[in-house]
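Thank you all for making time this morning.

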Amino acid sequence: MTEFLSNAPLGRCCTFLTGGRADKLAFCYKTEELIAAASEGALVLGRGSNILVGDLGYRGFVAVNRTGDKLFGPDHCECDSGLLISALAREYARQGRTGLEWAYGLPGSIGGAVMGNAGAFGGCIADVAEKLYVYVDGKMRIMTAEECGFGYRSSNIRGTVVRVKLRAPEGDPAEINAACERNFTLRRQSQPIGASAGCVFKAADGVPAGQLIEQAGLKGLVCGGAEISPKHANFIVNRGGALSGDVLQLMNTAAAAVYDKFGVKLEREIKLYGDFC
Ligand SMILES: Cc1cc2nc3c(=O)[nH]c(=O)nc-3n(C[C@H](O)[C@H](O)[C@H](O)COP(=O)(O)OP(=O)(O)OC[C@H]3O[C@@H](n4cnc5c(N)ncnc54)[C@H](O)[C@@H]3O)c2cc1C
């Protein structure tokens, strides 16, 4: 049975490790619990690796999706939306299935990945998504990938993604494992260690936002406990004790500096929830 928490801290539910409290919080381990929470109008989160929650918290119900069943068929995999995508990518590699090599080491859930069409190293979830089971307007709807309107780090999905069917064809195990290793190494080499939510801004007309922020001279800029990473300028890292307000201020400073210098309006990749000071 779902356990509900009142006035619960959200910092431990997101990878920035910042933010205030939710009026009501539940961890959903079963599909029925997730659907029940969604039908109560909960804000559904996966691993919280693409969000920033305001320091004054979230006035409402937050459901953290921890569902995680998966079932492989001959050329596909059907899985719960709460499953960690990097765990699934590992399982693909173990079974010699191809299609998720790019996701090896990515910290989000399958649900979060399809909502924002997560991707890296030339791949994205839209490449393998076949069918989605989405709870919306009080009923379960089956959506084809075409109906999801996948774009660059975007989709037009409304409601709660409950279960996903992904293509999982067999490939060359040696090639798959090599690609996973290569991608994991590239992540380690290019991304900072520490609490963050990955890339803060989307690329602007194909130009990496990190390149623009770096050229604006903002690498290493600190606000409170947050810092624009000296390693990757599109990452803001919580160096310890950061407030969401510190992160937001750095985001605003970076966007303003890039606009002033290059006339480019950066679009945020991470989503903001709750009340900020
Ligand atoms: C170190 C690091 C590296 C990263 N690298 C990449 C990368 O290479 N490529 C990339 O694309 N992203 C990257 N990210 C960002 C993030 O991991 C992805 O966007 C991920 O797919 C988000 O999944 P999540 O479960 O954490 O979503 P959350 O942050 O929990 O949620 C994101 C949004 O999706 C919604 N949502 C989540 N689950 C559901 C659901 N089941 N139904 C409906 N809505 C839902 C939430 O309400 C919210 O609006 C990185 C993040 C970190 C911290």
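Predicted model: local features only at pLDDT ≥ 70, side-chain atom pairs only at ≥ 80, totals over all residues.

Let us look at where domain 1 meets domain 2. On the side of domain 1 there are 10 residues in contact, and they touch 12 residues of domain 2. Together the two domains bury about 880 Å² between them, and carbon and sulfur atoms give 64% of that area. Of the area that domain 1 buries against domain 2, 46% is supplied by Ile35, Arg47 and Asn65, which is more than any other three residues supply.

What kinds of polar pairing cross this interface? There are 2 residue pairs in polar contact between domain 1 and domain 2, while the count of salt bridges between them is 0. Helix α1, residues 31-39, gives the most to the side of domain 1 that touches domain 2, namely 5 residues. Sorted by class, that side of domain 1 has 4 nonpolar residues, 5 polar residues and 1 charged residue.

Now let us turn to the ligand. It is surrounded by 34 residues, of which Val44, Ser49, Ser109, Gly119 and Tyr273 are the closest. Serine 49 places a polar side-chain atom 2.6 Å from an oxygen atom of the ligand, and serine 109 likewise has a polar side-chain atom 2.6 Å from a ligand oxygen. With glycine 48, by contrast, a polar backbone atom is involved, and the distance to an oxygen atom of the ligand is 2.8 Å.

My last topic is charge. Side chains of opposite charge can pair when their charged atoms come close. The structure holds 12 salt bridges, and one of them joins the side chains of glutamate 91 and arginine 94, with 2.9 Å from N to O.

Definitions and conventions: Residues numbered from 1 in each chain as written. Heavy atoms only, no water. Contact = heavy atoms within 4.5 Å. Buried area = accessible area lost by both parts, 1.4 Å probe. Salt bridge = Lys/Arg side-chain N within 4 Å of Asp/Glu carboxyl O. Polar contact = N/O pair within 3.5 Å; in protein donor to acceptor, adjacent residues only side chain to side chain. Helix = DSSP H or I, 4+ residues; strand = E, 2+ residues; numbered from the N terminus. Nonpolar A, V, L, I, M, F, W, Y, C, P; charged D, E, K, R; others polar. Near = heavy atom within 4 Å.
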